[in-house]
Amino acid sequence: MRDEPGKSFLDKLKTKFFLILIALVFAFPILPNAIQSISIIALLCLSVTIFLKNKKFNLDRKQVVFYTLITSWAFFLCLTIFYSKDTIYGIATAQRYINIIAIPLVLIFFVPKNFIKKAHIFYLSFIISNLLFVFIIYYKAIIVIETTCFPEIYYDNFFSKLNFILKKPNHIIFSCFENESKHSFFIHRVYNSMNFLFSILLLIELIFMNKFKKNIGFYLLSIISFIVFGYLIFYQFSVVNVVLALVLIPTFIITITPINKVKKSIFVSVIFVVVCFVVINLNKTSNNVASKYLIPAVNMVKKVFTGNNYGSIDERYEINIASKSLIEDAFLFGYGIGDVQSKLNEYYFLNKNNSEAYAIAYKNELNTHNNYAFLMLSGGIVVIILFLINVIFSFSKGINSKEWIYVYFLIIILANLASENILSRIHGNLFYAIFNGFFIAKMLNTKNYE
């Protein structure tokens, strides 16, 4: 960021620190929870301080409308604490949803507009943090498993060890890693795959933004990231994100490609296709993770439409049946955010002798694994309608503003909400809150002030 003329050294230092602080917030995938919280609170405090000092803040009606429409569902969801029986658990859960209220508030109202224009810096921060996350967890995994679960690789060189663990199913390696060591990283194939997929889309966006034109380092980073993230999306095999990757990456390239950049589009597309073929081939020969997750998911879809059993079925089918049954008894306002899990546990207990899936769900206290069901169970039809208003509004503004990266971000989020409680976990919650708030602020900034 260039220094602005007329600014004192202290002001320039504050400006650079503020920029670094925002970039740190976007680097949440690699940060411990405590650092995530500190960086967000620091951003809030510094933003408000700058606002009070400059006294140039004019309350824009569109800012208020946009903010209200994208957060009203989260406000009401948090208010359901007041009719939850388990208030303490409700407060603990609602604290995560407060991010969806607080972070967009900061980005839309308090972060100066000139910082919102630095999107490329924040995109890079997110991408690099995910790349570092991959390198660090695999390095640490090697260190742990060579002295615990797989001592036979102890005397091999590093690349032989890496080759060994990449030939093992991902869940086996990281089950060992997490059982045998203490660490602050959040390792989950759905959330990680979601981050990797969006990192690829952000890289494509950056390539077409031409912010790093003729920058060899950036293109080297891009190639490494395409290969690493592309491989891991298939290697971890989150079914939803594998399908999304195959559909969204080529369509995103087509969507944002100007006519005069067809060659670049073809180049990126070819890299993607080649990586896909390589990864699929590797999975066929050395990794059975695809069949472990894909077959039950396909059988679940078949059962939904036909009602018949087709072998092993993803336990989400039974969990969704439980959610559906509970929703029918509290359709209008739900049970309150604090009582959803206890209601599920009661249902699992009553039905555990009728289904192995419910016995497992009861033992592990499984959540809804469907964020739409969680919203319905928490706040009923009221919350889900407010959430859908948010979705329709966000899509319409993204399409009208031709902010395609935002549209594709929403697709990734909405698809994953159907199979995981994305917004109830801090990493999924931050992913949504930070990028959703930023894209809304960016559209407001572009439309109203440029």
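Which side chain meets that of lysine 161 in a salt bridge? In this predicted model, the partner is glutamate 146, with a nitrogen-to-oxygen distance of 2.5 Å. The two residues are 15 positions apart and link distant parts of the chain. Lysine 161 belongs to helix H7, whereas glutamate 146 sits in the loop between H6 and H7. Across the whole structure, three salt bridges are found.

Helices H6 and H7 also take part in a surface feature. A nonpolar patch is formed there by Tyr139, Ile143, Phe158 and Phe159. Together, these residues have an accessible area of about 440 Å². Helix H6 spans residues 119-145 and helix H7 spans residues 158-166, and each supplies at least two residues of the patch. Phenylalanine 159 is one of the residues in H7.

Two helix pairs were examined for packing. Two packed helices are described by the angle between their axes and the distance between the axes. Helix H3 (residues 61-79) and helix H4 (residues 87-110) have axes that come within 9 Å and cross at roughly 170 degrees. Angles over 145 degrees count as roughly antiparallel, so H3 is roughly antiparallel to H4. On the H3 side, the contact includes Gln63, Val64, Tyr67, Ile70 and Trp73. On the H4 side, the residues include Ala94, Tyr97, Ile98, Pro104 and Phe109. By class, the contact of H3 with H4 comprises 17 nonpolar residues, two polar residues and no charged ones.

The second pair consists of helix H9 (residues 189-209) and helix H11 (residues 239-256), whose axes come within 10 Å and cross at roughly 10 degrees. Angles under 35 degrees count as roughly parallel, and H9 and H11 are therefore roughly parallel to each other. Among the H9 residues in the contact are Arg189, Val190, Met194, Leu197 and Phe208. H11 contributes residues including Val239, Asn241, Leu244, Phe252 and Ile256. The contact of H9 with H11 contains 15 nonpolar, two polar and two charged residues.

Backbone angles were also considered in two loops. Glutamate 365 has a phi near 50 degrees, which is a positive value in a residue other than glycine. This glutamate is located in the loop between helix H16 (356-364) and helix H17 (371-400). Lysine 402 is likewise not a glycine, and its phi is positive, at about 55 degrees. The position of lysine 402 is in the loop between H17 and helix H18 (404-417).

Methods:
Residues numbered from 1 in each chain as written. Predicted model: local features only at pLDDT ≥ 70, side-chain atom pairs only at ≥ 80, totals over all residues. Heavy atoms only, no water. Axes fitted to C-alpha atoms, helices over the stretch in contact; angles between N-to-C directions. Helix = DSSP H or I, 4+ residues; strand = E, 2+ residues; numbered from the N terminus. Parallel < 35°, antiparallel > 145°, perpendicular 65-115°, else oblique. Contact = heavy atoms within 4.5 Å. Nonpolar A, V, L, I, M, F, W, Y, C, P; charged D, E, K, R; others polar. Patch = residues over 30% accessible without salt bridge, like charges linked within 9 Å, V, L, I, M, F, W, Y side chains within 5 Å. Areas by Shrake-Rupley, 256 points an atom, 1.4 Å probe, with all protein chains shown as cover. Salt bridge = Lys/Arg side-chain N within 4 Å of Asp/Glu carboxyl O.
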